[in-house]
Amino acid sequence: MTQPALMLALTFATGVVDAVGYLRLDQVFAGNMTGNVVILGMAATGGGTGLPVLGPVVALASFLAGAATAGRVLRTAAPGWSGRCTVLLGGVGLVLTATALGPAVVGADTSGARAGMASSLALAMGAQAAIARHLAVKDVTTVVVTSTLTGLAADSRLGAARGRGALRRTAAVTLIVAGAAAGALLCQVHEGLAVAVAACVALAVTALGSRAAPATTGSASTAPAPAPSTAPAPASSTAPSTALLRP
């Protein structure tokens with residue numbers, strides 16, 4: 001499975017996670033940090049907006065922590081999928097799995113529990129976004145589609161008429177919308193079920209990515225070393241100069 005396809009699958013998972021955050025965790029976005037920043041800006045004006053503050057602040061801080069951690073791990077990693085990507089994305093899947101179990105164990109009826117759940121989801125999304133940034137699949141950041149929509153419109157026939165990347169961009173937008181719709185439907189059953197679906201997607205991408213890693217990140221260090229040359233040195237290098245033999 002190609003890297004663009006894997007990143008598109010994670011984009012679907014982000015849609016699911018953000019639906020859970022907005023619908024069940026006090027209007028908090030776990031992946032779309034632009035939304036949280038805007039909410040905090042409006043809430044800071046006061047005036048009885050009724051907008052949340054704790055959840056967006058915690059989610060923003062956790063997202064940054066997840067992205068910073070993944071960036072540190074990948075700092076010296078070679079381009080493309082590597083073992084470090086596998087470990088990090090596997091950790092994302094495990095964090096999502098633990099978060100899915102949280103409501104069943106401790107419940108999500110208090111503001112503190114909801115903030116904690118939003119924090120763990122944002123931590124996972126921050127790490128996922130950093131992995132996607134390292135893999136650098138064009139137009140697929142997995143967490144936002146603003147730049148994707150910009151490219152889709154700017155390069156369309158009504159724009160620059162370049163027509164490049166339209167299929168991938170359309171797929172990214174479609175999948176995050178589909179993920180949000182799926183998340184909203186699953187939340188009607190239980191928010192933990194929605195997060196569990198996102199966790200399964202992340203773990204499946206981890207397995208598929210690690211399987212495809214050798215073909216994607218072929219290392220030159222594994223290539224056989226060239227055999228030492230056994231050809232004799234050119235005769236001219238040892239023959240005496242004819243100029244020295246002239247009288």
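Helix 4 and helix 5 cross in a left-handed manner, meaning that the near helix is turned anticlockwise from the far one by less than a right angle. The model is predicted, so local features need pLDDT of at least 70 and side-chain atom pairs count only at pLDDT 80 or more, while totals for chains, interfaces and linings use all residues. Residues are numbered from 1 along each chain as its sequence is written, and side-chain values use heavy atoms, with hydrogens and water left out.

On the helix 4 side, the contact (heavy atoms within 4.5 Å) includes Leu88, Val92 and Thr99, and on the helix 5 side it includes Leu121, Gln128 and Ile131.

Turning to aromatics, the whole structure holds 1 aromatic pair (ring centres within 6.5 Å). Tyrosine 22 is partly exposed at 37% relative accessibility, whereas phenylalanine 29 is buried at 19% (buried is under 20% relative accessible area, exposed over 50%, partly exposed in between, with a 1.4 Å probe and protein chains only).

As for the chain overall, there are 9 helices and 0 strands (DSSP runs of H or I, at least four residues, and of E, at least two). Of its 247 residues, 40% count as buried.

Technical notes:
Phe/Tyr/Trp six-rings, centres within 6.5 Å; stacked < 30°, edge-to-face > 60°.
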